[in-house]
Amino acid sequence: MEWETVIGLEVHVQLQTKSKIFSGASTAYGAEPNTQACDVSIALPGVLPVMNREAARLAVKFGLAIGAEINQTSVFARKNYFYPDLPKGYQISQYEIPVVGRGELEIDAGDGPKIIGITRAHLEEDAGKSLHENFDGFTGIDLNRAGTPLLEIVSEPDMRSAAEAVAYLRQLHALVRYLGISDGNMQEGSFRSDANVSIRPKGEQKLGTRAELKNINSFRFVEKAIRFEVERQIDILEDGGEIVQETRLYDADRDETRSMRSKEEAHDYRYFPDPDLPPLVLDDAFVAAVRDSLPELPHDRRHRFIDTLGLAPADAAQLTVEKSLADYFEAVVGATSAEPRIACNWVLGELGAALNQADIPVEDSRVDSAALAGLLDRIADNTISGKIAKDVFAAMWEGEGDADAVIAARGLKQITDSGAIESIVDGVLAECADQVRQYRDGNEKVIGFLVGQIMKQTQGKANPKQVNEILRRKLAP
Amino acid sequence: MHDYTITEHAEALRRGDYSSVELTRHHLDRVDAGEALNAFVTVTAEQALEQAAEADRNIRNGDAGPLSGIPMAHKDIFCTRGVLTTCGSRMLSNFVSPYDATVVTRLRDAGMVSLGKTNMDEFAMGSSNETSYYGPVKNPWSPDRVPGGSSGGSAAAVAARLAPLATATDTGGSIRQPAAMCGITGIKPSYGRVSRYGMIAFASSLDQGGVLTRSAEDAALVLQAMSGFDARDSTSLDLPVPDYGAGLGDDIAGKTIGLPKEFFGDGVEPAVAETVQAAIRELEALGARTVEVELPNSEVGIPCYYVLAPAEASSNLSRFDGVRYGHRAAEYDDLLDMYSRSRAEGFGEEVQRRIMIGTYVLSSGYYDAYYIKAQKLRRLIADDFTRAFEKCDIIAGPTAPGTAFPIGAKNDDPVAMYLNDIFTNSVNLAGLPGISVNAGFDADGLPIGLQLIGRYLDEATVLNVAHRFQLATDWHRRAPGGYA
């Protein structure tokens, strides 16, 4: 039988606020355990939550970016369960009325664009961490993370393959970073995903029983975990078995999923509206201000790069993954007389390679956008060739100054004096009588050899276009 | 000197008739002498004398307000920095709070001197102060009887003149009912008037801090200092607090007093009904008009309250898990066992009962039938009051259906105990201000409370009518024998 995979994703994104969602404690990562756990974070008797409006602003920013309806009145609810890293014995979340309603995200898993529905996104607080090492049989509790704002983004079951799931996650990851609402750091847990996976016979409309995969915190693991889970479900169904609804944990070391708890063991979270927090009311002005603060969205920018700057779709997509990269590119285009296409090649080519090698973000580039624009100008005005420009770029990267300074210091200025080029050409033609004859006998390829000789004599500085013109003129019968 | 009002003390302190240290020492001596009442869980004598000395310096320097140097006590539900804060529970019998509740800070900033922490029903769950881990409090009017609850320690301390006033909290009647049973004055302001920050939560949407005093005049002074917006409590009202003293003495002629017929039915002890009727005649003599009003949904007040309050409590008390502070069982097998044993040992029977009721009504499959239904009833109850206040300025009736009952009398019958709050808890459900003032005594010499309920945010009228009643009568001046 042919099976169809159905995947829905729940992603927890830590929002980039300075303080926690319901208290003034810092959210910075990596501090000594419990040094960022204030009275509210450790849930002392008598303490109360106060909403951090910045978290709401970031949530609304996301909502507007995915074209979602914003619920201007949303309600915080308590999700009750006991766990040592959950200090109040309940998590403050949103249940019946989330701040962000239905929206959508366009992905491309390599076979063209596809729209994935986003059911909702709601605000909630993160839990602390349980530490099991080095406590002599006890468990350590670090509440620094408790109360960090999260946006839980729930998708529709619209994905049909592990590749689509990964494409969705990459797109979402790029978007939250692009919007500046999260650092998206997956190692530090800023972007965590759970996958609901089921299969059904191809053509069937009814959804199969799903398993929820937890703890899959890299794009690679998402793909592997889903692949494993789909195979597991197919094996069960083809052996005449039944899928049980359950939560499964992905074990990256063994590359397998295993059962954590079944539906019967599922918690009854006893959600009810949190009486300590009035409904979150966002007036029209608040939403309008967030809307005004939205940058041009990656999707729109990508299309503008293609339609008005003439970039190839793949290049436009690559440039718009990171807002900072797209900003850099546009700054270069704005400051140079070179074609946008040339600027794109340089940003994705030489610059990208240099950034990769140095392992630094574009914001920290050793060649800023103005300097790169200056270099491209020297290509455009024929001061140097593209080939020489790569050496100049390398020198600029090493801190030898701007393009003009490097060109002057190294004497790389292109020879564009026709008379000078002409006399060099004459000399070469005189030395290479054999090749001249071959050319005139019809072997046009030999012109490459002759150009090479001329470039050798000028250390590559002769303007290639002029060399070609003069050479062809002189070789003409 | 322990019979003086706060204003009289303040004047005496300013004149130098006695110092705050002397006044404080006098009350600390009375606290010692009244130890048999079991009104206090913790007495902070040393700290109190330091605070009093500081107040004396401020008074000498002319840097004193109307509450400077006045001794008082805090219900042990308010967190006090560096001082044991038990909430009447074994669960918190080892909890020294690292911070002060907003109410504690405000009264301290006003220069008040805290004598210590008063006994209370465990986590404020009770109407007799018998559920306390620290044992029952005795009623100063009759030591074999309860003082009411949950603020029983505060009420007994004020009635016995161990302190001129004490803070208290009221979720379903816990200020007004013990005020009635101890023959004193107790005001619960509108929900949101007094910050709940640092006040250990029982039922967040109903809990409200207030004060127990011997007069409405004193209550107005202290409430003024306690009230007002607190950025740390999202449910506190960001509204200016009116000057409660300003209209306190206003004539009440022409005011309309609503008498809900549901408050004068069969369930009320005859002595209570007669005394309250007499008090209402007194108000009429002062020029007030009376009109009958209806609160048709008041009969569902108790069931509504006993769904919502336990629901919130079951969640609020989840933080007491033995992990970070509070009682943890000495031995346990695993995490679940640690939770179970710590909570089974740390919480008393009544608290456990309410946690179970609350957990049940929030459970999947029961939520709509109980919690949602109760929320709808709560709305109807509040609407009843709104309609009633179209016909009157203030509502009057008994605070509780009976007088103080013998210790142990209702322990086996939770529902009978819950009915003590039948006239008070609908006021919490509606978020309104209410006061109880002493209106007389039954044949056994036990005090009887008159409850006055005001419009939302209208504490001023409540205090005004109560004060005029106290100017015309002297019930509030009566002290229990042996404590005069």
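**In what order do the three strands of the open sheet with antiparallel pairing sit in chain A?** The order is β4-β3-β14. The edges are β4 (90-94) and β14 (272-273) of chain A, each pairing on one side only. Here, strands count as pairing if DSSP finds at least two bridges between them. Strand β3 (residues 76-80) of chain A joins β14(A) in the antiparallel sense over two bridges, and A:R78 has A:F272 in β14(A) as its bridge partner.

A quick note before the other views: this is a predicted model, in which local features need pLDDT of at least 70, side-chain atom pairs count only at pLDDT 80 or more, and totals for chains, interfaces and linings use all residues. Residues are numbered from 1 along each chain as its sequence is written, while chains are lettered from A and ligands numbered from 1 in the order in which they are written. As for names, helices (H or I, at least four residues) and strands (E, at least two) are DSSP runs, numbered from the N terminus.

**Eight strands of chain A make an open, mixed sheet.** Read across, they go β5-β6-β9-β1-β10-β11-β12-β13. β5 (103-108) and β13 (256-262) of chain A are the edge strands, each pairing on one side only. Neighbouring strands are turned by 30 degrees against each other on average, direction ignored.

**Helices α2 and α3 of chain A lie across strands of chain A.** Helix α2 (residues 162-178) lies across β1 (3-14), β5, β6 (113-125), β9 (149-155) and β10 (191-201), and runs at about 115 degrees to β5(A). Helix α3 (residues 219-238) lies across β1, β10, β11 (211-216), β12 and β13, at about 25 degrees to β10(A). Axes are lines fitted to C-alpha atoms, for helices over the stretch in contact, and angles run from 0 to 180 degrees between N-to-C directions.

**Helices α7 and α8 of chain A pack against each other.** Helix α7 (residues 323-335) and helix α8 (residues 340-358) of chain A meet at an angle of about 135 degrees, with axes 10 Å apart. That makes α7(A) oblique to α8(A); angles under 35 degrees count as roughly parallel, over 145 as roughly antiparallel, 65 to 115 as roughly perpendicular and the rest as oblique. A:Y328, A:F329, A:V332 and A:V333 in α7(A) meet A:P340, A:A343, A:C344 and A:V347 in α8(A). Contact means C-beta atoms, placed from the backbone, within 7 Å. This contact has eight nonpolar, no polar and no charged residues. For those classes, Ala, Val, Leu, Ile, Met, Phe, Trp, Tyr, Cys and Pro count as nonpolar, Asp, Glu, Lys and Arg as charged, and the others, Gly among them, as polar.

**Over in chain B, strand β9 pairs with β7 and β11.** β7 (residues 256-260) and β9(B) pair in the parallel sense over two bridges, with B:G258 opposite B:I395. β9(B) and β11 (residues 447-454) pair in the antiparallel sense over five bridges, and B:P398 has B:L450 as its bridge partner in β11(B).

**Chains A and B touch.** The contact takes 25 residues from chain A and 34 residues from chain B. The chain A side has 16 nonpolar, three polar and six charged residues.

Note on methods: Two residues are in contact if their C-beta atoms, placed from the backbone, lie within 7 Å.
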